[in-house]
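Welcome to this short briefing on helix packing and pockets. Please have your viewer open, and take the topics in any order you like.

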Amino acid sequence: MNQLMTEIIDGLGVMHLTPGNVAMWLIAFVLFYLAIKKGVEPLLLLPIGFGVFAANFPLTGLLEEGGLFYIFYHYGIENELIPPLIFLGLGAMTDFGPVIANPKTLLLGAAAQLGVYAAFFGALFTGLFNVKEAACIGIIGGADGPTSIFLSANLAPHMMGAVSVAAYSYMALVPIIIPPIAKALTTKQERAMPMGMMRMPSKTEKIVFPVLASIVIILLVPKSAPLIAMFMVGNLFMESAVVDRLTDVARNALMNIVTILLGLGVGSTMTADSFLNSKTIGVFIMGVVAFAFATAGGVLLAKLMNLFTKNKVNPLIGAAGVSAVPMAARVVHNMGTEANPQNYLLMHAMGPNVAGVIGTAVAAGAFITAIL
């Protein structure tokens, strides 16, 4: 009888609750607050927060082989299924028109990847992280959550929780991070610089672009194929205008389903043992560095381009090279309007903004190629 009672008591989750579990619950509650009260990336932070909350209950079996969260993580994220599906939905919502109309903006999106490599080398310099972990930290500078998760799954799965939360948190902080950096690197006259009307690309150009981009990018960086291929086929669905049902499913139903699974799967990696350590603090600190350098890289290249080109660009649009679409473009547009009420930079800023998504995916592929 005593043995039975002992087994019953030992089977109670409360008997195995640790201070670390409680600390992770508090982190989950912070994510709930940011998502619900502050509107910070709620589509991801809310399921991630609940994944953290549920994963830190003792004795549930959720994380054991065959458990529900194990299935979400193992089959959806570890096997690289969900992030490419997210890119499929993003492609079905993306207009490459601004990039096609002004190809120079591809360079601005590429320049924003300065933040990725600055944070990568910075993380290595600290001595706290190995080369795989440093690459996952660096990709935060691209401000692209799915790409951060994709790279972490390939190189450092134990870093996925911290890296993904940092990436999505800083994406939400774009209106706070970009303006002071962009203003410090530009004059009011530069910010007030108007840009002319953008030409409208033809339907043929928009259909050819995802095919041509796939050929060029995947041949140069084959490991970027899972993200780039799905991004481009989603865009081809939309631009072809002959598969409206597929486009609708990709950008709505499928996107919503995989977002839920992605959030819960990522959150489940944030157990007390894997998250409560000095490296997590380092991830968030280096994430800020990555984002700052990414913003600065785009602005500075735009200023450099203006020295050598006839058709000048407002340097602010370089700050949109971080791939937080379309928030970064909106922030840049608002800054331009503040300097000159007649300024309309939104569509111009969407060029480097969309190019930043491509650039970050390419950077992730390059890291996988070089490190694995």
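Predicted model: local features only at pLDDT ≥ 70, side-chain atom pairs only at ≥ 80, totals over all residues.

Angles of 65 to 115 degrees between axes count as roughly perpendicular.

**Helix 4 against helix 16**

- Helix 4 covers residues 68–78, and its axis lies 8 Å from that of helix 16, at an angle of about 110°.
- That angle falls within the range of 65 to 115 degrees, so helix 4 and helix 16 are roughly perpendicular to each other.
- The handedness of the crossing between helix 4 and helix 16 is left-handed.
- On the helix 4 side, the contact uses Phe69, Phe72, Tyr73 and Ile77, and these meet Leu261, Leu262, Leu264, Gly265 and Val266 of helix 16.
- Sorted by class, this contact of helix 4 with helix 16 holds eight nonpolar residues, one polar residue and no charged ones.

**Helix 5 against helix 10**

- Helix 5 (residues 82–91) and helix 10 (residues 145–155) have axes that come within 9 Å and cross at roughly 155°.
- Angles over 145 degrees count as roughly antiparallel, and helix 5 and helix 10 are therefore roughly antiparallel to each other.
- Helix 5 and helix 10 make a left-handed crossing.
- Helix 5 brings Pro83, Ile86 and Phe87 to the contact, while helix 10 brings Pro146, Thr147, Ile149 and Phe150.
- Six of the residues in this contact of helix 5 with helix 10 are nonpolar, one is polar and none is charged.

**Helix 19 against helix 20**

- The axes of helix 19 and helix 20 come within 8 Å, with a crossing of roughly 140°.
- Helix 19 and helix 20 are therefore oblique to each other.
- The crossing of this pair, helix 19 and helix 20, is right-handed.
- From helix 19, the contact takes in Met327, Ala328, Ala329, Arg330, Val332 and His333; from helix 20, it takes in Leu346, Ala349, Met350 and Asn353.
- The contact of helix 19 with helix 20 has seven nonpolar, two polar and one charged among its residues.

**The largest pocket**

- How much space lies in the largest pocket? The volume is about 800 Å³.
- The lining of the largest pocket has 31 residues, and the closest to the pocket centre are Leu90, Met93, Met171, Val325 and Pro326.
- Elements that give two or more residues to this lining are helix 3 (42–55), helix 5, helix 10, helix 11 (160–172), helix 16 (244–267), helix 19 (327–339) and helix 20 (346–371).
- By class, the lining of the largest pocket splits into 21 nonpolar, five polar and five charged residues.

**The second largest pocket**

- The second largest pocket holds about 370 Å³ of space.
- Its lining has 15 residues, and Leu106, Ala213, Val216, Ile217 and Ile358 are the closest to the centre of the second largest pocket.
- Helix 7 (104–111), helix 14 (203–220) and helix 20 are the elements that each give two or more residues to the lining of the second largest pocket.
- Which element gives the largest share of the lining of the second largest pocket? Helix 14 does, with six residues.
- The lining of the second largest pocket comprises 13 nonpolar and two polar residues, with no charged ones.

Definitions and conventions:
Residues numbered from 1 in each chain as written. Heavy atoms only, no water. Axes fitted to C-alpha atoms, helices over the stretch in contact; angles between N-to-C directions. Helix = DSSP H or I, 4+ residues; strand = E, 2+ residues; numbered from the N terminus. Parallel < 35°, antiparallel > 145°, perpendicular 65-115°, else oblique. Left-handed = near helix turned anticlockwise from the far one by under 90°. Contact = heavy atoms within 4.5 Å. Nonpolar A, V, L, I, M, F, W, Y, C, P; charged D, E, K, R; others polar. 1 Å grid on protein atoms, 1.4 Å probe; cavity = no way out; pocket = protein on both sides within 12 Å on 5 of 7 lines; lining within 4 Å. Points joined across faces, edges and corners; volume = space filled by probe spheres on them.
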